[in-house]
Protein chains: 2
Amino acid sequence: MIQEIKELQEKIASAVAALEFPVQPADLYDPIRYTLELGGKRMRPALALMGCSLFSRDLDAALKPALGVEVFHNFTLLHDDIMDNAPLRRNKPTVYSKWNTNVAILSGDVMFAESFRLVSEAPAQVLKPVIDVFLKAAIEVCEGQQWDMDFESRNDVSIPEYLNMIRFKTAVLLGASLQMGALCGGSSNEDAQLLYDFGCAVGVAFQIQDDVLDVYGDPDKFGKQVGGDIISNKKTWLKLRALEKANDEQLGQLTHYYSGAAFDPVEKVNSVRAIFDATGVKEEAETLMQQYLHEALDSLQQVNASASHKAILEVFARELMQRQF
Amino acid sequence: MIQEIKELQEKIASAVAALEFPVQPADLYDPIRYTLELGGKRMRPALALMGCSLFSRDLDAALKPALGVEVFHNFTLLHDDIMDNAPLRRNKPTVYSKWNTNVAILSGDVMFAESFRLVSEAPAQVLKPVIDVFLKAAIEVCEGQQWDMDFESRNDVSIPEYLNMIRFKTAVLLGASLQMGALCGGSSNEDAQLLYDFGCAVGVAFQIQDDVLDVYGDPDKFGKQVGGDIISNKKTWLKLRALEKANDEQLGQLTHYYSGAAFDPVEKVNSVRAIFDATGVKEEAETLMQQYLHEALDSLQQVNASASHKAILEVFARELMQRQF
């Protein structure tokens, strides 16, 4: 990671660590501290500060909204983990499994409120547009999660539908982070919109990468159960594309393993992965990621800001494509 | 209900009915429409408009934030019903029981976001203070719900702790509604604060009334299961005060019925109600409500606004004390 991004991430890490929450009620605020201390890449606030840095040297103008996006993101993970029955997140028990569902619902609600509070610390002259960008994305993230859940019980999910779902569930918040940061830094609406487009395209690529890592990731680095999506029959880009490309024998096997019957998890993951290998969907996914990356860089190129600052965003996007966790 | 309040409530009813949400994803937005169509007293938006009307003829300045508070309130009910395992609300199935828990979590989250979107339509010159008032109350409402749940497993809850809990869970949002409305109408900070104090005191009285109605309400009018708090062993003002006032025999009976063992619900409700009657806690609760009402009216009196407008708020508060549902 280049020096500038490292510095932004350190700035964010110390700002997240400095966030203060009341001690009581403990079951409301302990889960929030626990969640925020689990770490994570802090990608969204980094993007917000990068968005700001293209137009202003005063990164503090975007710091609180950047933190707001990070708190919001962690809130969505907290509620998603309930809905997805996910026992682990970043190798640690999720809030609902460590405490209980009610605690996870309510501490999530407070995190959502705290994220609004942080976002509403945006500079007065851009407060309304920053809130508008944030809330549009927040609502779309919820819509994406709903589509994701709806897909579980559907057998006719198309790849365009899937890409639209991950755009809402993951990508728009990356775009919104950049857009909010840019607005805080005094950008024009046009440049903020171009950065939103850049972030969305990077975000879709990021999520496809996530699907790939779930199957092909290094268990020590990934932080989640490798093959978890296969075990839970989750519709991912790899699965949907493999179903399209499979020959009769492969299709029979996929149908067998995704039937909902109980299987030995290791056998299931290995068998499905073998079909993914044979159909070449991993390589196709990587090609698709590159297409999104190019789309992103096209938008970035049009932003009216210094090339050296834009280069940092380009490096950030390229490194995301090569991440292993 | 006097004419002015009726008109405000009609204005709100049609504004709530005019709120538009997307059709898809259906499991996200149908529960929101369902919840908002269930009705309710629309007390909070009415208070917001009344707060505004003390200082301005332009009630539209407060309309969107007023709706935001109503949507927020309905969001909290939606999530509380999951946590409280409540099958009915306003005589209709609750969202989590009609759909499922995941639907209730996520459509609640979107309602919260929508409430913030409406609040952020406050006039630009008071946007930040209105948001601050809203979020402070929103967070306190969550804290109140957490205290309420914490109390379930505690046997040493004091009456002051209980009153503080209902202040957070119920009262602060009534106060905040008035304060937000006043600010939208151009009030001074001092007057907005006095109206907050008025609303909080009315809100505590309102919740004590709710505890009384749960036991003594008319089943046809109340809209919830009468005696529900007794059946679920809920700590209410009546229960806590009865435990303080009970003689040895009554205490034995209360301990018996609140032991957590299974009882015939009708027998349990009738037996506990008989002890409430014998210890006179209903009358004490009504005296306490009057004290809060006087406290509220003291604050109202200090507000620098026309007596005729303030009289409407006084009537509203007095009628709340006499409500039967």
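Is Glu161(A) buried, partly exposed or exposed? In this predicted model, Glu161(A) is partly exposed, with a relative accessible area of 29%. Its side chain meets that of Arg154(A) in a salt bridge, at 2.8 Å from N to O. Arg154(A) is likewise partly exposed, at 23% relative accessible area.

Chain B can be superposed on chain A with an RMSD of 0.0 Å, by a turn of 180 degrees and a shift of 0.1 Å along the axis. The two copies are therefore related as by a two-fold rotation axis. The same surface serves both copies, since 100% of the contact residues of chain B recur in chain A.

At the interface, 36 residues of chain B are in contact with 36 residues of chain A. The area buried between the chains is about 3,400 Å², and carbon and sulfur atoms give 74% of it. On the chain B side, Leu106(B), Ile139(B) and Gln146(B) lose the most area to chain A, together 16% of what that side buries.

Polar links also cross between the chains. There are 8 residue pairs in polar contact, both residues being at pLDDT 80 or more, and the count of salt bridges is 2. Glu121(B) forms a salt bridge with Lys128(A), with the closest N and O atoms 3.2 Å apart. The elements of chain B that give two or more residues to this side are helices H2 (26-37), H4 (60-83), H6 (101-119) and H7 (127-152). H7(B) gives the most, with 14 residues. By class, the side of chain B that touches chain A has 20 nonpolar, 6 polar and 10 charged residues.

In chain A, the side chains of Lys136(A) and Glu140(A) meet at 3.4 Å, N to O. Both residues lie in H7 of chain A, 4 residues apart, about one turn of the helix. Lys136(A) is partly exposed at 40% relative accessibility, whereas Glu140(A) is buried at 13%.

In chain B, Asp148(B) and Lys234(B) form a salt bridge of 2.8 Å, N to O. Asp148(B) lies in H7 and Lys234(B) in the loop between helix H11 (228-231) and helix H12 (237-245), so the pair ties together parts that are 86 residues apart in sequence. Asp148(B) is buried, with a relative accessible area of 6%, while Lys234(B) counts as partly exposed at 26%. Elsewhere, salt bridges that share partners join Arg241(A), Glu244(A), Lys245(A) and Glu284(A) into one network.

Definitions and conventions: Residues numbered from 1 in each chain as written. Chains lettered and ligands numbered in written order. Predicted model: local features only at pLDDT ≥ 70, side-chain atom pairs only at ≥ 80, totals over all residues. Heavy atoms only, no water. Least-squares fit on C-alpha atoms with pLDDT ≥ 70 in both. Contact = heavy atoms within 4.5 Å. Buried area = accessible area lost by both parts, 1.4 Å probe. Salt bridge = Lys/Arg side-chain N within 4 Å of Asp/Glu carboxyl O. Polar contact = N/O pair within 3.5 Å; in protein donor to acceptor, adjacent residues only side chain to side chain. Nonpolar A, V, L, I, M, F, W, Y, C, P; charged D, E, K, R; others polar. Buried < 20%, exposed > 50% of the residue type's maximum accessible area, 1.4 Å probe, protein only.
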